[in-house]
Amino acid sequence: MPTLRINGDAHAVDAPADKPLLWVLRDDLRLTGTKYGCGRALCGACTVHVDGQPARACVLPCGTLENRDITTVEGIGASEIGRRVQAAWVEMNVPQCGYCQSGQVMAAAALLERIPHPSDRDIDQAMSGNLCRCGMYTRIRAAIHRVAGDL
């Protein structure tokens, strides 16, 4: 039974070690902000942070995550950058259908932690693994620049 540290809290999880983190979050812990997209780590809808790095929860076995810090969209607002990204998403009216947004927010926060003033190229590279079927890429880029203070 792995114990996972999620959003700063320890959770003893009664799940097989090979159960993907996404389903532990959604089904076992009722943290439903992280979305299921493709189930193959291709679309980014399930992006969380593991030790501060973006990771795809749909393919991460929960048994590999003990003693690692996991942050979900429910917990990203505890950081200054995460809070600013969430505010910029609202200010810039980024979400349309909203399905990819939790993964987008997580990827943007990780980018801004790594590169506080990213170029358009930095943004495009960092966000390229997070697909938005509504095509909000221009607004996503603008929201990231807003957080960086570039707008």
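Student: How far is the sulfur of cysteine 97 from the closest cysteine sulfur, and in which residue does that sulfur lie?

Tutor: In this predicted model, the closest cysteine sulfur to that of cysteine 97 belongs to cysteine 134, at 3.7 Å. A disulfide requires two cysteine sulfur atoms within 2.5 Å, so this separation is too far for a bond. Cysteine 97 has a relative accessibility of 44% and therefore counts as partly exposed. A search of the whole structure likewise returns 0 disulfides. Cysteine 43 takes part in no disulfide either: the nearest cysteine sulfur, in cysteine 38, is 3.9 Å away. Cysteine 43 is buried, its relative accessible area being 14%.

The sheet can be described next. An open sheet is formed by 5 strands in the order E2-E1-E5-E3-E4, with mixed pairing. Strand E2 (9-12) and strand E4 (53-56) are at the edges, and each has a single partner strand, so one side of each lacks a neighbour in the sheet. From one strand to the next, the twist averages 40 degrees. Strand E3 (residues 47-50) and E4 run antiparallel and are joined by 4 bridges; histidine 49 is opposite proline 54 in E4.

Helices also meet these strands. Helix H1 (residues 21-28) packs on the sheet, where it touches strand E1 (3-6), E3 and strand E5 (69-71). The direction of H1 makes about 80 degrees with that of E1. Helix H3 (residues 101-114) lies across E3, E4 and E5, and runs at about 35 degrees to E3.

Key:
Residues are numbered from 1 along each chain as its sequence is written. This is a predicted model: local features need pLDDT of at least 70, side-chain atom pairs count only at pLDDT 80 or more; totals for chains, interfaces and linings use all residues. Side-chain values use heavy atoms; hydrogens and water are left out. Two strands pair if DSSP finds at least two bridges between them. Helices (H or I, at least four residues) and strands (E, at least two) are DSSP runs, numbered from the N terminus. Axes are lines fitted to C-alpha atoms, for helices over the stretch in contact, and angles run from 0 to 180 degrees between N-to-C directions. Contact means heavy atoms within 4.5 Å. Buried means under 20% relative accessible area, exposed over 50%, partly exposed in between (1.4 Å probe, protein chains only).
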